[in-house]
Amino acid sequence: MALIQQSDAVPQASGGCAQPLTLLRERGQREVFCGLTSIVWLHRRMPDAFFLVVGSRTCAHLVQSAAGVMIFAEPRFGTAILGERDLAGLADANDELDRVVEQLLARRPEIRTLFLVGSCPSEVIKLDLANAAQRLSQRHLPRVRVVSYSGSGIETTFTQGEDNALAAMVPLLPRTEAGSLLLVGTMADQVEDQLCRLFNRLGLPEIHTLPPRRSTDLPPVGPNTRILLCQPYLSATARALQARGAQLVAAPYPLGVEGTTAWIQAAAAAFGLAASAVRPHLEAARQRGRTAVARYREQLEGKRLFLLPDSQLEIPLARFLHQECGMVLQEVGTPYLDRLLMATELEQLPTTATISEGQHVDRQLERVRAARPDLVVCGLGLANPLEAEGMATKWSIELVFSPIQGYEQAGDLAELFARPLARRQRLHF
Amino acid sequence: MELTLWTYEGPPHVGAMRIATSMEGVHYVLHAPQGDTYADLLFTMIERRGKRPPVTYTTFQARDLGGDTAEMVKVSVRDAVERFQPQALLVGESCTAELIQDQPGALAGGMGLPIPVVNLELPAYSKKENWGAAETFYQLVRRLLKDRIPPPGTARPGRAPGVRPKVNLLGPSALGFRCRDDVTEVCRLLGEIGVQVSVVAPLGASPADLQRIPEADLNICLYPEVAKPVCDWLERQFAMPCVYTVPIGIGATRDFLQEVGAALGVDVTMALRPDVVGASDLWSPQLHGGSTERARSRLPWYSRSVDSTYLTGKRVFVFADGTHALAAARIATAELGFELVGLGTYSRESAKLVRAAAKGYGLEALITDDYLAVEQAISEAAPELVLGTQMERHIAKRLSIPCAVISTPIHVQDVPARYGPQMGWEGANVIFDTWVHPLMMGLEEHLIGMFREDFEFVDGHQSHLHVGGSQPVDSPKPKEPQDPPEPAPAASVSVSTASADKARRWSQEGLAELGKVPFFVRGKVRRNTEAFAQTQGIDLITVDTLYEAKAHYGR
């Protein structure tokens, strides 16, 4: 294995920082989920959609384990498990898939959109799910539309599964010439409502969301659509929307008071509103957010933070925790660095932080041990082992399930990081 | 292609991980794409292990597929051996790697490593987790002992007089059901009959420990799901006898002790009598404390005690892995007096045994890994208690039926902080509590039955335990009396009943006699008597009618 380990400099926009950030690129064992995991939140966002993984028993086991608890009467996701007969060509995989889809749709008459989700095995055997989706759509429309995307581990990590799912929806979106704002990326409904209320107060034109709350309410897109990303991992979706003529608003991500402010102001500016006109509408919420964060800043300030790569939220989180909570950044790991989508975030990171892209988990853990951080942000597989070594951890998966964006959640976001530290202070044995 | 929503078992390489993680000094290099590392969390989160599983994933990506993925295997193997310094190496592949056919085991075997390398071939598209665990354990033991196999026909040397007999406990593993505590309990059980435990494997064993396996006099196949192939092989190659009876429940524990005693020539008569402990001895504080007092189970006495009368004939549905399903069926019927209304397993390897057992109970076994089929079977059988896995716990919750968990797939709740074995005498105690508590306690149920008719005692005043499931545990519904208060007997001579087509009239004497019936059954007696009168075409209910009805309905 060619273990690439190279350092280079991330050029930062002019305006202050003299030294560039250090970028470390690594390859090796990655302790990350694959893109199938995104199904766990996507299926909740669109209750009329079903996600059918075409894969192996491993895929089924992964989604089940990542979902954590088996609480659903009958979940809106499942796996069509490939068997030996499918692989040996004894059964026509397409016929088999059609049969499984028939069976599923008969059981679940309320489903309006069926996502066929590609996996590592389906990619390797080159099962053409795009073709299958087209064929099945023809059969089941207008009742059910069938869409395909890949959540395979050989192509995607964790949150990139959502990126591919949304990108697969882009060609289906109706065209519009109207000026509109399109919020892209799954956020909790309640958070989305809060942020939309702010945009409405600013008098922005119609606002749509992708993914929509109902899979059939597809938002229109066109040359006068401005795309505002709610999540930092949507590279493919952003590019697909740009290809439909929409314009990407350059902004940081709505984490923390400052991130949210810059995010809203960037959207407003895209519709010709000056920051000075916007600010008064935000001031009350900003003040509330600052008050909420301040409580936790006391606990987080000066604490050293090490983020392992997982959700691609690491860079905006590091920015928030540094800028608004006063944490010291040791290393900010990300599975993949999209410089375009991260440009405004990277500008705000301190030059002392190392950014690492990719992972060689054993080497990275050696760096963690050497750095002795006060808090490590990592995946579920690593959290208890690091705790057992005496380090406080925050599991990153919680960050994709919890409402963390916007002003009203800024305090909650800070609290997620303060809690492991506060817990350690409480416990005495 | 098979549609699956929830699965009982993971893929076979997860079984291999269970063996590697159970042991010391073993490392597993897994040729697998990014994402397969999810399986680490099963060990670090569910079992709260403080160490990462000893697994290195090659983590290939799409862009590597055109290139040299075989080279990635070699680099990973070399790095893993250097970094973790294992005494034995397992090399295998997950489902995706199986398709690209790099033969990682053969590659590693050709690298001239200074340690034993086990090439694992676990067909991901036809086999499952438990099979993978059993195959891995078997291949590892075989690899480590292959040079020590005696020539065929070699007699095992007899035990020297005065030497304590030694046994191996084979099968306990990571992600198993209560293995940690079962090992402790079985060691205690064996210690009581003077038998020493030599090797426990795979849980806590090193490769060197596995090499000591043939030194013992007997193998104990504690979990057939994991250890059956190894035990069979040791029996064939090393002429090592094996006890396959799993000591879960009183009867099985006795059988187990007898078989161990017979195999080793040890007298176990004293150890066989759980019943020597009577009601009074149970209160001895030494019972489970001192080493001089033999540990005994409370289950037999508790099951005989009058409070347990209400357990008689409770309808029970059992679904689990093979070992725990069979054990539960026996305990439920013979030791708790339940009626078995369903028996099944998701372990295809145990299908034959479970089918045969089910037949003995007059049932047809349910052999499936489709939880929807299990849900349907439970719903049709309408049991009063479900003994199953975490999946059945959710099924039972939806159907408002009490449930106890008896088997893997493992859940964080199945790794309790306290000592909670399933095996041996203490295991029987744990089982009694775990299965009976979801039901109402006997006296409590009896009283609730008595007072059910009373207007002060209607819905909302039921047990806080899992009865009447539709009711949330800690938010009782506001009191809504369903039955109207009983009218005083003297208030009226003629009482019409809404439910009857034709009004039934009570004679003065009949009504007076009804008034003598204890209030908590009065409503029932009234309804029964009126229903009886209706079927008999009696218009006026007299004292005689009342007693005729009583005779009619009485059992």
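These exercises, each with a worked solution, walk through a predicted model with chains A and B.

**Exercise 1. The open sheet of chain A**

Find the order of the four strands in the open sheet of chain A, and the sense of their pairing.

Solution. 
- Step 1. Read across the sheet. The strand order is β8-β7-β9-β10 in chain A.
- Step 2. Check the direction. The pairing is parallel.
- Step 3. Find the edges. Strands β8 (207–210) and β10 (247–248) of chain A each pair on one side only.
- Step 4. Zoom in on one pair. Strand β7 of chain A, residues 180–184, joins β8(A) through four bridges in the parallel sense.
- Step 5. Pick out a residue pair. Leu210(A) in β8(A) stands opposite Val184(A).

**Exercise 2. Two helices in chain A**

Decide how α11(A) and α17(A) lie relative to each other.

Solution. 
- Step 1. Locate the helices. In chain A, α11 covers residues 275–300 and α17 covers residues 410–426.
- Step 2. Take the geometry. Their axes come within 8 Å and cross at roughly 20 degrees.
- Step 3. Apply the cut-off. Angles under 35 degrees count as roughly parallel. Therefore α11(A) and α17(A) are roughly parallel to each other.
- Step 4. The crossing of α11(A) and α17(A) is left-handed.
- Step 5. List some contacts. Residues of α11(A) in the contact include Gly289(A), Ala292(A) and Tyr296(A). Among those of α17(A) are Ala414(A), Phe417(A) and Leu421(A).
- Step 6. Sort by class. The contact of α11(A) with α17(A) has ten nonpolar, three polar and two charged residues.

**Exercise 3. Two helices in chain B**

Describe the packing of α7(B) against α10(B).

Solution. 
- Step 1. Locate the helices. In chain B, α7 spans residues 129–145 and α10 spans residues 224–238.
- Step 2. Take the geometry. The axes are 7 Å apart, at an angle of about 35 degrees. The crossing of α7(B) and α10(B) is right-handed.
- Step 3. Name some contact residues. From α7(B) they include Ala133(B), Phe137(B) and Val141(B). From α10(B) they include Val226(B), Pro229(B) and Trp233(B).
- Step 4. Sort by class. The contact of α7(B) with α10(B) counts ten nonpolar, one polar and four charged residues.

**Exercise 4. Where the chains meet**

Work out which element of chain A gives the largest share of the side that touches chain B.

Solution. 
- Step 1. Count the residues. Chain A has 53 residues in contact with 50 of chain B.
- Step 2. List the suppliers. Elements of chain A that each give at least two residues include α2 (57–67), β4 (77–81) and α4 (93–107).
- Step 3. The largest share comes from α2(A), with eight residues.
- Step 4. Sort by class. This side of chain A has 28 nonpolar, 15 polar and ten charged residues.
- Step 5. Look for strand pairing between the chains. β4(A) and β1(B), residues 2–4, run antiparallel and are joined by three bridges. Leu3(B) in β1(B) is the bridge partner of Ala80(A).

**Exercise 5. Backbone details in chain B**

Solution. 
- Step 1. Take Ala201(B) to Pro202(B). Pro202(B) sits in the loop between β7 (196–201) and α9 (207–211) of chain B.
- Step 2. Pro409(B) belongs to the loop between β14 (403–405) and α17 (424–436) of chain B.
- Step 3. Turn to phi. Gln103(B), a residue other than glycine, has a positive phi near 55 degrees. Gln103(B) lies in the loop between α5 (95–100) and α6 (104–109) of chain B.

Terms used. Residues are numbered from 1 along each chain as its sequence is written. Chains are lettered from A and ligands numbered from 1 in the order in which they are written. This is a predicted model: local features need pLDDT of at least 70, side-chain atom pairs count only at pLDDT 80 or more; totals for chains, interfaces and linings use all residues. Two strands pair if DSSP finds at least two bridges between them. Axes are lines fitted to C-alpha atoms, for helices over the stretch in contact, and angles run from 0 to 180 degrees between N-to-C directions. A crossing is left-handed if the near helix is turned anticlockwise from the far one by less than a right angle, and right-handed if clockwise. Two residues are in contact if their C-beta atoms, placed from the backbone, lie within 7 Å. Ala, Val, Leu, Ile, Met, Phe, Trp, Tyr, Cys and Pro count as nonpolar, Asp, Glu, Lys and Arg as charged, and the others, Gly among them, as polar. Angles under 35 degrees count as roughly parallel, over 145 as roughly antiparallel, 65 to 115 as roughly perpendicular and the rest as oblique.
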